[in-house]
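Me: I have a chain open and want a quick tour. Can you take my questions as they come?
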Amino acid sequence: MKCASNPYQRRKTRTRRKDKALIKVFVEPEIRPLIEKYRGNGTVFCFSDHYVTSDMLNAMVNIGLKRIGREIGVPDLNFYYARHSMASICANRLGIDIARVDEMLNHSDPKMALARVYIEKDFRPLWDANRRLLDLFDWSFYTKEKPED
């Protein structure tokens, strides 16, 4: 059975939701090297050491993505498109149910609020969906070989 990393609360929405936008993320083997590379002192990532606000980090990521976009012929590439791409790939290519894709994006469906009061949250289906998404890509470009589970 997979174990979750520390719980995460999405900063953008945690003050607006009863569940504080809680999600538990399983850190897959391909992602571990990135976490180690960017590990922070007392935080998961070191970005707060370099950027005053998350908006500043987002702006710098978008600048980098625009440069990449120019090189690959995708004008106006930005971080927001990554969420759209992930959702589209999961739903259209992998056949992951739209409700699960919504959860992967850490959205909250108000129609399901009452059910969520009664049902203990199980993050394993999200972890399985993330695993299916990661399996679409060749990770050898920075891991030398695909890690075993």
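Reply: The protein chain has 8 helices and 2 strands. Helices (H or I, at least four residues) and strands (E, at least two) are DSSP runs, numbered from the N terminus. This is a predicted model, where local features need pLDDT of at least 70, side-chain atom pairs count only at pLDDT 80 or more, and totals for chains, interfaces and linings use all residues. Residues are numbered from 1 along each chain as its sequence is written, and side-chain values use heavy atoms, with hydrogens and water left out.

Me: In what order do the elements of the protein chain run from the N terminus?
Reply: The order is β-β-α-α-α-α-α-α-α-α.

Me: What percentage of the protein chain counts as buried?
Reply: Of its 149 residues, 24% count as buried. Buried means under 20% relative accessible area, exposed over 50%, and partly exposed in between (1.4 Å probe, protein chains only).

Me: On to the core. Which residues in the largest nonpolar core touch the most other members?
Reply: M86, C90, I96, V101 and M104, out of 15 residues in that core. A nonpolar core is a set of buried Ala, Val, Leu, Ile, Met, Phe, Trp, Tyr and Cys residues joined through side-chain atoms within 4.5 Å.

Me: Which elements give two or more residues to this core?
Reply: They are α4 (79–93), α5 and α7 (124–134). The most come from α7, with 4 residues.

Me: Which residues of α7 are buried?
Reply: L126, W127, A129, R131, L133 and L134. Their cover includes β2 (22–24), α4 and α5.

Me: Back to C90. Where is its place, and is C90 buried or exposed?
Reply: C90 sits in helix α4. It counts as buried because its relative accessibility is 0%.

Me: What does C90 touch, not counting residues up to four places away in sequence?
Reply: G95, I96, V101, M104 and L133. Contact here means heavy atoms within 4.5 Å. As for M104, it is 14 residues from C90 in sequence and 9.6 Å away in space, C-alpha to C-alpha.

Me: What about the other cysteine I clicked, C46: buried or exposed?
Reply: C46 is buried, at 12% relative accessible area.

Me: How many disulfides does the count come to?
Reply: The count is 0 disulfides. The rule asks for a pair of cysteine sulfur atoms within 2.5 Å.

Me: Now E103. Where is it found?
Reply: E103 is in helix α5 (residues 98–104). At 15% relative accessibility, E103 counts as buried. A polar contact of 2.4 Å joins its side chain to that of R100. A polar contact is a pair of N or O atoms within 3.5 Å; within protein, one must be able to donate a hydrogen and the other to accept it, and residues adjacent in sequence count only if both atoms are side-chain atoms.

Me: Switching to α3. What span should its 19 residues have?
Reply: Helix α3 (residues 54–72) should span 27 Å at 1.5 Å a residue, and its end C-alpha atoms are 26 Å apart, which agrees. The expected span is 1.5 Å times one less than the number of residues.

Me: What does N62 touch, leaving out residues up to four places away in sequence?
Reply: N62 touches L77, N78 and F79. N62 lies in α3 and counts as buried at 17% relative accessibility.
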